[in-house]
Amino acid sequence: MDKFLIRGGRPLQGKIEIGGAKNSALPCLAATLLTAETVTLHNVPYVKDLITQRRLLEDLGATVLTPELRTHKVTAKNVTLFEAPYELVKTMRASVLALGPLLGRFGQAKVSLPGGCAIGTRPIDLHLKAFEQLGAQVSLEKGDVVARAPKGRLVGSDVDFETVTVTGTENVMMAAALATGRTVIRNAAMEPEIEDLADLLNKMGARIKGAGTPQIDIEGVDELGSAEHTIIPDRIETGTFIVAAAITDGELEIKGCRPDHLVAVIDKLREAGVSIEELNPSTLLVKREPSGLKSRDVTTEPHPKFPTDMQAQYMALMTQAEGTSVIIETIFENRFMHASEMKRMGADIQISGSSAVVRGRAQLVGAPVLASDLRASASLVLAGLAAGGETLIDRVYHIDRGYETIVRKLRSVGADIERIKEDVTQPTNDAAETAGAAVAIGTVVDNPSPS
Ligand code: EPZ
């Protein structure tokens with residue numbers, strides 16, 4: 001498995017360009033299954049999860065062309081299979097996003113029930129309950145969720161989510177877009193990725209109102225058509241690089257981002273002594289306040305509150321802040337795996353249940369550490385950039401899932417970081433940085449060298 005070797009202690013300086021949002025591109029690619037016509041998506045991040053999603057579409061019978069590395073032209077005309085197999089679902093639980101569109105368009109779908117993951121049990125019971133509310137018959141057969149619309153088509157209905165669920169809301173929006181009649185989703189997730197998906201669906205001819213609010217209204221239509229859409233920037237990648245500038249006491253200009261998508265993060269980081277200046281609606285200038293970093297408590301909650309996907313990165317920053325901070329994780333029951341790895345680097349963190357007490361300004365010292373999931377691996381990179389000496393991060397395949405060419409981006413602003421490939425003969429440039437990951441799952445990359 002590839003590793004990252006980081007020699008820390010260098011302030012980052014320069015410009016970083018933010019890529020497309022993984023958590024929007026995934027449902028938007030799934031939505032292409034809702035029509036036989038061609039849907040063109042731009043700004044699709046070149047990360048492992050999207051390569052897996054593309055493979056799923058191709059396995060189902062869709063054609064996916066990539067005239068450019070980050071543009072996908074999908075035509076789901078000859079979908080012959082309605083099944084997302086275990087082999088794929090076990091590598092990426094977001095494969096469950098195929099359920100809604102397949103059920104919505106074809107009245108049938110079979111998806112392997114995703115198991116738990118490092119950060120929690122993550123059931124999909126609320127997705128399945130919602131499909132039943134839309135008239136589907138749902139059963140579990142040998143580890144697979146099998147869903148059928150008895151009349152061949154779902155029927156619009158009220159869906160009240162007892163817990164806010166992001167992919168649950170996305171799955172129901174896609175299924176209900178082709179149902180007969182009206183669907184009202186209450187206690188819906190309000191993440192920017194939900195709005196982006198609704199934007200695409202409406203361009204395809206859907207009739208969705210209220211995305212981004214707790215209540216979403218969907219008037220089902222008989223058919224959806226072609227569309228062209230550009231995926232929003234990745235707000236979590238943006239947040240990660242804001243922390244990278246602050247934790248290294250550097251100065252970064254973060255371009256191509258949407259500050260309005262991470263207001264809670266920016267507000268909290270400003271409170272904690274990070275100067276974040278909006279140079280224009282898509283560019284932030286980030287550095288530390290002269291008075292330094294201060295410990296501030298935070299609780300993760302659904303959007304628009306502080307996102308759980310920034311919790312690990314925030315914890316890394318709090319290890320360098322003056323004072324003691326309390327971090328409370330309310331979304332996932334096991335999302336502190338990074339804490340024990342940071343403690344190996346000298347951080348002072350006490351975990352009890354869903355809260356972590358971080359005593360700042362620890363002198364971090366590089367050490368071999370283990371990444372356990374996507375955001376945990378990002379937090380270890382941040383800790384490594386702040387630490388003295390060498391940090392060796394193992395299992396960085398986690399980070400390849402959601403961060404596009406992170407080694408190249410960090411090196412371009414002065415970080416001393418390199419990817420140690422399992423096979424040292426391999427080159428480590430852009431395409432290789434992700435193509436290496438792609439080959440790991442046996443997918444043919446259309447255009448290996450980015451244009
Ligand atoms: C999405 O996961 C994101 N993934 C996650 O990002 C993110 O952490 C999460 O939302 C929360 O913001 C994608 O968009 C692909 P949920 P999702 O359903 O939809 C419980 C990353 O790092 N729940 O909103 O799977 C669940 O266990 C990833 O990019 C049920 O109990 O999360 C959790 O405690 C990690 N039953 C809570 O709700 C259900 O049927 C929120 O989960 C569904 C969810």
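Student: Is Arg-401 buried, partly exposed or exposed?
Tutor: Keep in mind that this is a predicted model. Arg-401 has a relative accessible area of 23%. Buried needs under 20% and exposed over 50%, so Arg-401 counts as partly exposed.

Student: Which residue meets the side chain of Arg-401 in a salt bridge?
Tutor: Look for a carboxyl oxygen within 4 Å of a side-chain nitrogen. Here the N to O distance is 2.8 Å. The partner sits in helix 2 (residues 48–60), 352 residues apart from Arg-401, which is in the loop between helix 13 (397–400) and helix 14 (406–412).

Student: What about Glu-301 and Lys-305: how far apart are their closest N and O atoms?
Tutor: Glu-301 is partly exposed at 30% relative accessibility, and Lys-305 is partly exposed too, at 45%. The two form a salt bridge, with a closest N and O separation of 3.8 Å.

Student: Are helix 5 and helix 6 roughly parallel or roughly antiparallel?
Tutor: Helix 5 (residues 125–133) and helix 6 (residues 166–176) pack with their axes 9 Å apart, at an angle of about 25°. Angles under 35 degrees fall in the first class you named, so this pair is roughly parallel.

Definitions and conventions. Residues are numbered from 1 along each chain as its sequence is written. This is a predicted model: local features need pLDDT of at least 70, side-chain atom pairs count only at pLDDT 80 or more; totals for chains, interfaces and linings use all residues. Side-chain values use heavy atoms; hydrogens and water are left out. Axes are lines fitted to C-alpha atoms, for helices over the stretch in contact, and angles run from 0 to 180 degrees between N-to-C directions. Helices (H or I, at least four residues) and strands (E, at least two) are DSSP runs, numbered from the N terminus. Angles under 35 degrees count as roughly parallel, over 145 as roughly antiparallel, 65 to 115 as roughly perpendicular and the rest as oblique. Buried means under 20% relative accessible area, exposed over 50%, partly exposed in between (1.4 Å probe, protein chains only).
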